[in-house]
Amino acid sequence: QAELVQSGGGLVQAGGSLRLSCAASRSIHRFYGMSWYRQFPGKEREWIAQITNEREITYLDSVRGRFTVSRDFGKNTCYLEMKDLKPEDTAIYYCKVIGEPYWGQGTQVTVSS
């Protein structure tokens, strides 16, 4: 069992930056890795990025080069740095443990034009 608590997000103008955090209640080193998803209104959640404990990092094409995923084992926290944000990035963002049914509570990111 693991609880994931997200922070960060909010309202930003297009071209701006935000950082999302996802703090786990137990050591994230025990998991295969961490992933990030987002959900647009009326749509299914879509995977956007992940990082494994072997530091294998992958991104959805539409965010590659703008988003950076990282993790800090000492803080049991995973991060999603988002730069050059666009209005179409507006969504609720979720973190998740790869291969496990543990999700963060979600955080709203709104990008104004």
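Colleague: How many disulfides does the rule count here?

Modeller: A disulfide is a covalent bond between the sulfur atoms of two cysteines. The rule takes a pair of cysteine sulfur atoms within 2.5 Å, and by it the count comes to 1 disulfide, which joins Cys22 to Cys95 with an S to S distance of 2.0 Å. This is a predicted model, in which local features need pLDDT of at least 70 and side-chain atom pairs count only at pLDDT 80 or more, while totals for chains, interfaces and linings use all residues. Residues are numbered from 1 along each chain as its sequence is written, and side-chain values use heavy atoms, with hydrogens and water left out.

Colleague: Which parts does the pair tie together?

Modeller: Cys22 lies in strand β3 and Cys95 in strand β9 (residues 91-97), so the pair ties together parts 73 residues apart in sequence; strands here are DSSP runs of E, at least two residues, numbered from the N terminus. The torsion about the S-S bond of Cys22 and Cys95 is about 70°, so this disulfide is right-handed.

Colleague: Are Cys22 and Cys95 buried or exposed?

Modeller: Both Cys22 and Cys95 are buried, where buried means under 20% relative accessible area, exposed over 50% and partly exposed in between, with a 1.4 Å probe and protein chains only. Cys78 is in no disulfide, and the nearest cysteine sulfur, that of Cys22, is 6.0 Å away. Cys78 is buried as well, with a relative accessible area of 1%.

Methods:
Helix = DSSP H or I, 4+ residues; strand = E, 2+ residues; numbered from the N terminus.
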